[in-house]
Amino acid sequence: MKRKGAVYSVVALMLCAAVYLNWSYHRDPEEAEKTGATDHSKILGEAQLVDAQTKGEKAGETTASDYFSQARLSRQKARDEAVSIFKQTSENVNADAKSKDQATKSIAQMAENAVKEARIENLIVAKGYQECVAFMNDDGINVIVQKTKEGLQSADIAKIKDIVMDETTFAAEAIKIIETE
């Protein structure tokens, strides 16, 4: 029984690590320099598309749209891996009823979080923001919004927090809003 609890803990930890790593590799380079979190030996995000020149983009240049697409893809991959592990546990004939029940509840919670994240992202975009991606966990939610011309103002932060609080049970202190290029 302790072993199964450890497996759930490891899966949850891996999911959190995947989300954090995705965020840290794709955050704003200027912000990374300010916090000292840069690694000058690595150049991340400089994959080159074959048709990049036909789109008028410079080789190696990534767009904000690329960042948000990659963030959503990484989030979905991590979630799919976790669901797969929980599904295996829930379908395992050797697993006890408590473990199966916990795995089923975890899958349901992930599905609920995915729906809430998508709804939050859509509502924020509907309010006039260019792009948005949300990452929800048990402790809170991170909302990454594409930088506006003027930058995020207090009114923008209030709008975003209001949307998140309407769609979740999180208090304002559990909501982190991150602005990216």
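Guide: Helices here are DSSP runs of H or I with at least four residues, strands are E runs of at least two, and both are numbered from the N terminus. On that basis, Glu-131 is found in the loop between α4 and β1. The model is predicted.

Visitor: Is Glu-131 buried or exposed?

Guide: Glu-131 counts as buried, because its relative accessibility is 17% and the cut-off for buried is under 20%.

Visitor: What does the Glu-131 side chain make a polar contact with?

Guide: With the side chain of Arg-72, at 3.1 Å.

Visitor: And which residues is Glu-131 in contact with, leaving aside neighbours within four places in sequence?

Guide: Arg-72 is on that list too, along with Ser-65, Phe-68, Val-125, Ile-144, Val-145 and Gln-146.

Visitor: Let's step back. How many helices and strands does the chain have?

Guide: There are five helices and three strands. Along the sequence they run α-α-α-α-β-β-α-β.

Visitor: What about strand β1, how many of its residues are buried?

Guide: Five of the five residues of β1, 132–136, are buried, so the strand is largely enclosed by the rest of the structure.

Visitor: Which way do the residues of β1 point?

Guide: Cys-132, Ala-134 and Met-136 point one way, while Val-133 and Phe-135 point the other way.

Visitor: What does β1 pair with, and in what sense?

Guide: β1 pairs with β2, residues 141–146, in the antiparallel sense over five bridges. Phe-135, for instance, has Asn-142 as its bridge partner in β2. The two strands are joined by a hairpin through four residues.

Visitor: Moving on to packing. Which residues in the largest nonpolar core touch the most other members?

Guide: That core has 16 residues, and the ones touching the most other members are Ile-120, Ile-124, Ile-141, Val-143, Ile-160 and Val-164. At least two residues each come from α4 (97–126), β1, β2 and α5 (154–167). Apart from this core lies another, of seven residues, including Tyr-67, Val-133, Ile-144 and Ile-178.

Visitor: Why group nonpolar side chains at all?

Guide: In soluble globular proteins, nonpolar side chains tend to be buried together.

Visitor: Back to Ile-141. What does it touch, not counting residues up to four places away?

Guide: Ile-141 touches Ala-134, Phe-135 and Met-136, as well as Ile-120, Val-164, Phe-170, Ala-174, Ile-175 and Lys-176.

Visitor: Now Arg-79. Where does it lie?

Guide: Arg-79 lies in helix α3, residues 64–91. It counts as buried because its relative accessibility is 10%. Its side chain makes a polar contact with the side chain of Glu-117, at 2.7 Å.

Visitor: For the chain overall, what share counts as buried?

Guide: Of the 181 residues, 30% count as buried. The chain exposes about 11,700 Å², and carbon and sulfur atoms supply 52% of that. As for contacts between residues at least 6 apart in sequence, 59% of them join residues at least 24 apart.

Visitor: Where is confidence lowest, and where is it highest?

Guide: Confidence is lowest in helix α2, residues 29–35, with a mean pLDDT of 50, and highest in β1, at 94. Residues 35–61 have pLDDT below 50, and that stretch has 18 contacts in the model beyond near neighbours in sequence.

Visitor: What does the chain average?

Guide: The chain averages a pLDDT of 77, and 65% of the residues score at least 70.

Definitions and conventions. Residues numbered from 1 in each chain as written. Predicted model: local features only at pLDDT ≥ 70, side-chain atom pairs only at ≥ 80, totals over all residues. Heavy atoms only, no water. Buried < 20%, exposed > 50% of the residue type's maximum accessible area, 1.4 Å probe, protein only. Contact = heavy atoms within 4.5 Å. Areas by Shrake-Rupley, 256 points an atom, 1.4 Å probe, with all protein chains shown as cover. Pairing = 2+ DSSP bridges. Core = buried A, V, L, I, M, F, W, Y, C linked by side-chain atoms within 4.5 Å. Polar contact = N/O pair within 3.5 Å; in protein donor to acceptor, adjacent residues only side chain to side chain. pLDDT = per-residue confidence, 0-100.
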